[in-house]
Amino acid sequence: MARNGIAKGANSGFVTEKRERAARPSRSTGKLGKRTALCREIAREVAGLSPYERRILDMIKTGGSAADKRIYKFAKRRLGSHKRAVAKREDIKAVNSKMRAKQAGAN
């Protein structure tokens, strides 16, 4: 909030202009870079899916009413955390949709 120049109250104090500070490098930690994304994409293309990822893909294909929950529980057991399990589930779903789009384009 802007200061109002009055000595008392919520916005008390000398009126100043807030300076825009340069972004610190530590703020960009965890963002996916172009090079890393490309390397991962190439590795996925060459090596394919790991056995547990193939099993998740199979679960997605067979579906069922509680498939999402089962996939989550399976991935969580393998990967250790909620965040990783959810991310992996979404990643494999994206792989599946990409494969289906590729097959639809081929036919």
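In the lining of the largest pocket, helix α4 gives the most, with seven residues. Helices here are DSSP runs of H or I with at least four residues, numbered from the N terminus. This is a predicted model, where local features need pLDDT of at least 70 and side-chain atom pairs count only at pLDDT 80 or more, while totals for chains, interfaces and linings use all residues. Residues are numbered from 1 along each chain as its sequence is written, and side-chain values use heavy atoms, without hydrogens and water.

Staying with the pocket. It is lined by 15 residues, and Arg40, Glu41, Arg44, Asp91 and Val95 lie nearest its centre. A pocket, on a 1 Å grid over the protein atoms alone, is an open set of points where a 1.4 Å probe fits, with protein on both sides within 12 Å along at least five of seven lines; lining residues have an atom within 4 Å of a point. α1 (34-47) and α4 (82-106) each supply at least two residues of that lining. The volume of the largest pocket is about 680 Å³, taken as the space filled by probe spheres set on points joined across faces, edges and corners. By class, the lining has six nonpolar, one polar and eight charged residues. Nonpolar covers Ala, Val, Leu, Ile, Met, Phe, Trp, Tyr, Cys and Pro; charged covers Asp, Glu, Lys and Arg; the others, Gly among them, are polar.

Now the helix packing. The axes of α3 (residues 67-79) and α4 come within 8 Å and cross at roughly 125°. Axes are lines fitted to C-alpha atoms over the stretch in contact, and angles run from 0 to 180 degrees between N-to-C directions. That angle makes α3 oblique to α4; under 35 degrees counts as roughly parallel, over 145 as roughly antiparallel, 65 to 115 as roughly perpendicular, and the rest as oblique. In their contact, meaning heavy atoms within 4.5 Å, α3 uses residues including Ile71, Tyr72 and Leu79, and α4 uses His82 and Arg89 among others. That contact has six nonpolar, one polar and six charged residues.

Next, α2 (residues 51-62) and α3 pack at about 170°, with axes 10 Å apart, which makes α2 roughly antiparallel to α3. Among the contacting residues are Ile56 and Met59 of α2, and Phe74 and Ala75 of α3. What classes make up the contact of α2 with α3? Nine residues are nonpolar, none polar and three charged.

Last, the axes of α2 and α4 come within 10 Å and cross at roughly 65°, so these two helices are roughly perpendicular to each other. Their contact includes Leu57 and Lys61 of α2, with Ile92 and Met99 of α4.
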